[in-house]
Amino acid sequence: MSTLLDTHPLDLILDQSHDDFQEVRAVGREAFAKQGLPSAKAEEYKFTNLTKRLAQTFDSFELAAAFDVSEEQVKNAIFKGFDGHILVFTNGSLNQALSSEITGVEVTSLSGASAALGSIAKPEKDPFAAFNQATFKNGIQISIAKNTQVEQPILVLNFIDSTKGNLIQPRVWVEAGDFAEATFIEQQINLSDKEYFLNEVKEIKGGRNSHIHWYRVQNEGKTSISMSNIETDIQQDGTFTSVNLSLSGLMVRNNLNLNLLGSNSEGNMYGLYLTNGKTHVDNHTNVDHTIPHAESNELYKGILTDNSRGVFNGKIFVRQDAQKTNAFQQNNNILLSENAIVNTKPQLEIWADDVKCSHGCTTGQLDEEALFYLQARGIGKEKARGLLLYAFAGEVLENIKDDAFRSYCITLIQERLGTNF
Amino acid sequence: MLSIKNLHASIEGNEILRGIDLEVKAGEVHAIMGPNGSGKSTLASVLAGREEYEITDGEVTFKGEDLLELAPEERAREGVFLAFQYPVEIPGVSSTNFLRTAVNQVREHRGLDPLDAVKFLTMMKEKMKLVEIDQKLLSRALNEGFSGGEKKRNEIFQMAMLEPTLSILDETDSGLDIDALRIVSNGVNQLKSKDNATIVVTHYQRLLDYIVPDFVHVLYKGKIVKSGTKELALELEEKGYDWIKADVEQAAV
């Protein structure tokens, strides 16, 4: 099946050739030409055939344009109890007027000086990252000044309107100065049911002793495809924590790469996927321990029902120099239907000899014995199921430090576990 | 209160209970004894509603109602309580939240208002004394990391909270040291009243020194082959089960 993606990306690039990013785009274009779209046999995409899905879903692509949203729409999108700053994006472009001024934080459109684009999320590592680099529409730069501790969380509201174009390619560069601290909460609001392909790249450059938390709720359109590449460099004494909650979408693929580059740095990756219908969620994570005395923690959990599918691929790479590394990884899944599938693949590659690493994965059904125990105490079967599933999922949410957002996530998953499951 | 007539039950095609008859009245304590594999735990499980057993014949009525028609949670709300032989560890579910949910679901069924947090805690503190259970245990996930003795004590604590009319203790004494056994039995005895009944399933006579039964039944090959008073338990302790087995085999010839 030949698809327009095979031939048209270059046309799209030509459309963009007048802007400031020619050199960056040229690198992306070359990397994409070299890799092409992943084939059915590509190791990194063997459980998630995005190429086929894209071909089945789209006849053509049009880069999505920015659009107007009202203050009312923004207000309605904010979850209960939220207290903090707001950044508004429409199809990946910044809406400055509706976004907060945040002391010590600069949010601007990327300028031509951004030669660093692609230096963290390298285009040669992933074809979709390369594709984004060659063809992204509007880039955003978020800079947190040195010594700035943003006390309240920053809510990133991504409004998506696929009637303004079905190819949405956010490109974000985040730079945290030394000792900077911030918490981002990312949410998506879909204004149309029309299918889209979201292909984002986020590069996050942490400073020394900087502490960044990045939380995200993924509720993609039911017929839509989402591809995300997030990569971060973590320097000495710095930490980065990601919590990702995937709730819907036709096919969702998240690449999350953490590079631990300075001693005493720490990377944390937490994820929860609750899937039903035909949703396919693939979390691919990679943590690269390059230096001694760094730590990484990872916990991904999934509850899958109907014909949905989950994929987890977690790689821990410990280089020869990275002695005294602590690296922990865990993936647990509950399958609630006969037709739900999980593919889980932990990968540990350890070249140092004085490290503490562990990994484990489990896939099973809901524990019938536990269910009976709760029932035997008078708790109704549905409620007992909900309690057990919530207990299973709740462990991931404990890693959310912002109380209001954690409560919001708890409501989201309780709604899900109470109704759809 | 409980009436079992000709109860037959099997699991995966193997018949385990082969015609049990038992009458339990309010205020009574019945002990069910028997060698391993005689069907004691199956009887307890069937009464509590464990789904893997198939009832092939017979009937069970509880307070005049067909017990076998009810889901496990409905039986619990009606006042049946099973103290598990192997209490289940449930990570992520806090003991306190679990109990409050359970108590309030049972109360709702009985037409009572749910307990608010303060009243619930007061009740919990009062019942904790009964089984000398530490509050620290209850702030943890349900049974997670509890020792064997702590789990059994927690069972009796839950029993105290749920105030059942029929309590079935399935090998609650197994694995307990003498101190724990004393605490657990003491809890059970304090909960005993003229309005409720207890079925004690045990392998050892020892428990019956502490929880004194009105009747003792011996279960063998899925049938009650002998019934008597507490003296029967003493006789079993002394002579073992072989003489009963011999009696049964002889009668069969």
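These legends describe close-up views of a predicted model.

Residues count from 1 along each chain as its sequence is written, chains are lettered from A and ligands numbered from 1 in the order in which they are written. In this predicted model local features need pLDDT of at least 70, side-chain atom pairs count only at pLDDT 80 or more, and totals for chains, interfaces and linings use all residues, while side-chain values use heavy atoms, leaving out hydrogens and water. The model scores ipTM 0.95 and pTM 0.87. Chain B has an average pLDDT of 91, with 99% of the residues at 70 or above; pLDDT is the predictor's confidence in each residue, from 0 to 100.

View 1. Strands (E, at least two residues) and helices (H or I, at least four) are DSSP runs, numbered from the N terminus. B:Gln205 counts as buried because its relative accessibility is 8%; buried means under 20% relative accessible area, exposed over 50%, and partly exposed in between (1.4 Å probe, protein chains only). Its side chain makes a polar contact with the side chain of B:Asp209 at 3.1 Å. Such a contact is a pair of N or O atoms within 3.5 Å; within protein, one must be able to donate a hydrogen and the other to accept it, and residues adjacent in sequence count only if both atoms are side-chain atoms. Leaving aside residues up to four places away in sequence, B:Gln205 touches B:Met33, B:Ala233, B:Leu234 and B:Glu237. Contact means heavy atoms within 4.5 Å.

**View 2. A stacked ring pair, A:Tyr215 and A:Phe405.** Over all chains, the structure holds 16 aromatic pairs. Rings of Phe, Tyr and Trp (its six-membered ring) pair if their centres lie within 6.5 Å; planes under 30 degrees apart are stacked, over 60 edge-to-face, the rest tilted. Here the centres are 5.7 Å apart and the planes at 5 degrees, so the pair is stacked. A:Tyr215 belongs to strand S10 (residues 211-219) and A:Phe405 to helix H9 (residues 403-419), 190 residues apart. A:Tyr215 is buried at 0%. A:Phe405 is buried at 1%.

**View 3. A tilted pair across two chains, A:Phe372 and B:Phe84.** The ring centres lie 5.6 Å apart with planes at 50 degrees, so the pair is tilted. A:Phe372 lies in helix H7 (residues 368-375) of chain A. B:Phe84 lies in the loop between strand S6 (80-83) and strand S7 (90-94) of chain B. Both residues are buried.
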